[in-house]
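Open the structure in your viewer and keep the sequence panel beside it. This tour tells you what to select next and what is there.

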Amino acid sequence: MDRPAPKGGYVKSRTVTAREEWNGAVSRLPGAHVLQSWEWGECKTRYGWSVDRRFWEREDSSLAAAAQILRRTIRIGPVSAAVFYLPKGPLLDWRDGAVCGEVLSDLENAARREHAIQVKIDPDLVAGRYDPDSGRNASDPAGEETLHLLRRRGWRYSTEQVQFGNTVLLDIRPGEDALLASMKQKTRYNIRLAQKRGVEVRPGSEADLPALARMYVETADRDGFVIRSEDYYLDVWRAMLRAGLAQPLIAEVDGLPVSALILFHFAGRGWYFYGMSRAMHREKMPNHLLQWEAIRWLRAHGCSAYDFWGAPDAFVETDPMWGVFQFKIGFGGEVIRTAGAWDFPAVPLLYATYHLLLPRMLDVTRIFSRRRTRLMANSTRGLP
């Protein structure tokens with residue numbers, strides 16, 4: 001995929017093979033995300049993906065864009081073909097049309113050369129905002145213009161959305177008093193209630209991860225969501241913790257863990273990817289204090305924003321995420337609607353066949369995942 005600069009010499013691309021160079025540079029790009037970190041890519045290589053890390057540089061060698069491209073081979077009947085996925089990438093200024101064009105062209109051409117099924121991009125591109133108080137949606141003009149660009153180039157809004165399309169983002173730069181004042185009154189009350197009722201939050205370590213994995217299984221079984229194997233989470237959590245990009249926080253009552261979360265942090269932002277809890281002591285509101293301590297921990301470690309990671313696709317009370325969404329917006333964050341994932345069908349017929357079969361494959365996967373979760377939950381009942 002290495003190539004010279006195009007005629008007119010705007011940007012040229014190259015492969016990056018050094019961790020320090022990669023993380024240092026991408027952390028300064030717009031939309032920098034932990035899923036584009038070197039360490040996340042390394043985690044995915046242990047689960048069937050290969051990684052290509054690309055810089056696009058201007059003639060003066062300044063960095064214009066970057067993308068960590070995950071690649072794997074999918075079998076559809078007798079045919080094997082590649083799929084490319086850029087989790088929360090590519091990273092660039094989407095208002096720069098010249099850079100957008102060069103990056104998208106490179107991705108499209110690479111997929112065509114390999115006769116790939118698709119390229120899936122999933123940038124942290126703001127498409128609009130939602131006001132939970134008024135119920136109004138507002139579009140972002142720059143984001144809408146980018147979506148028009150993608151459509152003109154033949155990209156399609158994906159039927160396979162890997163990450164959450166909407167989220168709650170909290171600016172944590174104000175002081176603690178200001179942050180508390182900006183929360184909903186009930187959230188602020190529950191934080192103080194947890195403190196009064198003896199909930200304590202401590203930083204976790206690698207030694208705590210097996211217990212947190214068991215609690216995560218218990219949470220998934222109780223709340224009915226699908227998870228991967230316990231070994232997968234232990235592997236990812238350990239790798240990110242050892243790299244200094246993750247931190248467990250554990251809420252306890254009388255020394256007994258009752259809820260926990262694992263923060264990921266990168267490029268001045270934190271993410272609430274994983275949360276787990278037990279049914280006991282919920283009346284003491286441990287999760288409210290846990291999130292407040294997560295905010296305080298991120299502030300103490302130089303972060304300026306906290307991404308609560310996930311909001312409903314449709315802002316209606318019947319959405320399965322409505323309850324947890326109400327919990328998240330209580331902390332005063334802004335509800336962001338991102339562009340979501342977009343696919344470039346490099347081989348249209350193969351793409352159509354793949355997406356015709358994909359729902360059936362996912363249904364089978366979910367059935368086995370739910371059974372595995374129930375078995376794991378039953379095997380851990382009664383354990384500390």
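One definition first: Ala, Val, Leu, Ile, Met, Phe, Trp, Tyr, Cys and Pro count as nonpolar, Asp, Glu, Lys and Arg as charged, and the others, Gly among them, as polar. The model is predicted: local features need pLDDT of at least 70, side-chain atom pairs count only at pLDDT 80 or more, and totals for chains, interfaces and linings use all residues. Residues are numbered from 1 along each chain as its sequence is written, and side-chain values use heavy atoms, with hydrogens and water left out.

**Whole chain.** Show the cartoon. The protein has 11 helices and 17 strands (DSSP runs numbered from the N terminus: helices are H or I of at least four residues, strands E of at least two). Its radius of gyration is 22 Å, close to the 21 Å from the globule rule for 384 residues, so the protein is as compact as a globular protein of that length. That radius is taken over C-alpha atoms, and the rule is 2.2 Å times the number of residues to the power 0.38. Along the principal axes, the C-alpha atoms fill a box of roughly 65 × 50 × 40 Å.

**Second largest pocket.** Select P30, G31, D124, L125 and V126. Of the 24 lining residues, these lie nearest the pocket's centre. A pocket is an open set of points on a 1 Å grid over the protein atoms alone, with protein on both sides within 12 Å along at least five of seven lines; lining residues have an atom within 4 Å of a point. The volume is about 510 Å³, meaning the space filled by probe spheres set on the points, which are joined across faces, edges and corners. Helix 4 gives the largest share, 3 residues. By class, the lining has 11 nonpolar, 5 polar and 8 charged residues.

**Largest cavity.** A cavity is a set of grid points where a 1.4 Å probe fits but cannot get out. The count is 1 cavity of 30 Å³ or more. The largest has a volume of about 50 Å³. Select its lining, including H33, K88, D124, W271 and D307. That lining divides into 3 nonpolar, 6 polar and 3 charged residues.

**Two backbone stops.** Go to G89 and P90. A cis peptide bond joins them, with omega about 5°. P90 sits in the loop between strand 4 (79-86) and strand 5. Next, pick S61. S61 is not a glycine, yet its phi is positive, about 75°. Look for S61 in the loop between strand 2 (50-58) and strand 3 (63-76).
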